[in-house]
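This report covers helix packing and overall dimensions in one protein model. The sequence and coordinates come first, and the description follows.

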Amino acid sequence: MTTTVIDSPAFTPAQINLIKQISIAARSLSLGGHDDFNQGQVSARMPGADTFFIKNAITGFDECTPDDILQASTDPEAPKDRLLPPEVVLHQAVYNARPDVNAIVHSHAPHTLVLGATDLQLRAVSHDGAFFEGRTPRFTMTSNTILTLDVAEAVASALGTYPAALLRNHGGVIVGKSIRHATVYAHLLERACALQLTAERVPGGYHSSDEGDIAAKREFNFADLSVRSYWDHCSRQVHRLLPLYASGQVS
Ligand SMILES: [Zn+2]
């Protein structure tokens with residue numbers, strides 16, 4: 001069931017492009033502070049597909065290349081490649097629960113993790129927070145690594161229809177309709193949490209955007225065209241600071 005780009009001529013050009021995007025997304029997440037050794041995952045699927053592509057268990061976000069991406073089934077009962085991450089079940093549960101989701105990031109990004117450990121509600125301190133206010137439920141059933149389908153389905157249930165969930169004392173799960181959206185949202189969430197945690201320490205408190213501004217920001221700052229431009233910046237930054245291959249094979 002599982003294979004890599006290198007040894008499978010079976011992938012379509014669109015699938016190979018998606019695999020390249022996942023490896024760029026992984027490196028972008030690294031540049032955004034999502035590294036925790038080789039832990040965390042980024043995955044994506046073609047819309048409607050019953051398989052998806054995911055970074056393997058042993059590779060860090062910072063060093064991911066297309067050859068480190070594996071294909072997996074959305075069926076938790078399907079045979080598993082031994083290099084699939086143990087938390088692949090989380091991705092399977094979310095894809096099965098959310099037909100609208102075509103990409104998932106799970107990381108232990110520090111500010112996301114710390115805000116998740118508190119009882120604070122994410123507020124619209126910045127543009128980033130405006131995207132998430134009222135849309136980041138907390139998963140509190142366990143803080144352990146997600147290894148079983150029942151726990152994974154409980155995370156998917158906690159996530160509901162939202163773009164992200166905070167996993168208390170563990171990290172975050174961020175989803176999107178494309179690899180571009182999920183990656184940009186993961187950056188937004190980490191920045192939103194970092195800025196709020198900073199604001200929380202300021203004596204005298206802080207203000208956050210009102211409902212009207214939040215609606216306006218969601219309509220403009222996070223429209224598909226804007227997300228596309230943020231992703232394009234992420235991609236350029238990876239090629240500039242953490243290129244996949246010195247020869248520039250992946251574009
Ligand atoms: Zn984890």
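In the predicted model, I24, R27, S28 and L31 of α1 meet C234, S235, Q237, V238 and L241 of α8, where a contact means two C-beta atoms, placed from the backbone, within 7 Å. By class, this contact has 5 nonpolar, 3 polar and 1 charged residues; Ala, Val, Leu, Ile, Met, Phe, Trp, Tyr, Cys and Pro count as nonpolar, Asp, Glu, Lys and Arg as charged, and the others, Gly among them, as polar. Helices (H or I, at least four residues) and strands (E, at least two) are DSSP runs numbered from the N terminus.

Helix α8 also packs with α6: R180, H181, T183 and V184 in α6 meet V227, R228, Y230, W231 and C234 in α8. The residues of that contact divide into 5 nonpolar, 2 polar and 2 charged.

The table gives the geometry of both pairs.

| Helix pair | Angle | Axis distance |
|---|---|---|
| α1 (residues 13-31) and α8 | about 80 degrees | 9 Å |
| α6 and α8 (residues 224-241) | about 80 degrees | 9 Å |

Axes are lines fitted to C-alpha atoms, for helices over the stretch in contact, and angles run from 0 to 180 degrees between N-to-C directions. Angles under 35 degrees count as roughly parallel, over 145 as roughly antiparallel, 65 to 115 as roughly perpendicular and the rest as oblique. α1 is therefore roughly perpendicular to α8, and α6 and α8 are likewise roughly perpendicular to each other.

In helix α3 (residues 110-117), the buried residues are T112, L113, L115 and G116; buried means 20 or more other C-beta atoms within 10 Å of the residue's own, exposed 12 or fewer, and partly exposed in between. Seen down the axis of α3, they fall within an arc of 165 degrees and so line one face of the helix, the arc being that of the directions from the helix axis to the C-beta atoms. These buried residues pack against β5 (138-139), β6 (164-167), β7 (171-176) and α6 (179-200).

The protein as a whole has 8 helices and 7 strands. Its radius of gyration is 17 Å, close to the 18 Å from the globule rule for 251 residues, so the protein is as compact as a globular protein of that length; the radius is taken over C-alpha atoms, and the rule is 2.2 Å times the number of residues to the power 0.38. The C-alpha trace spans about 60 × 40 × 30 Å along its principal axes. Of the 251 residues, 46% count as buried.

Residues are numbered from 1 along each chain as its sequence is written. As this is a predicted model, local features need pLDDT of at least 70 and side-chain atom pairs count only at pLDDT 80 or more, while totals for chains, interfaces and linings use all residues.
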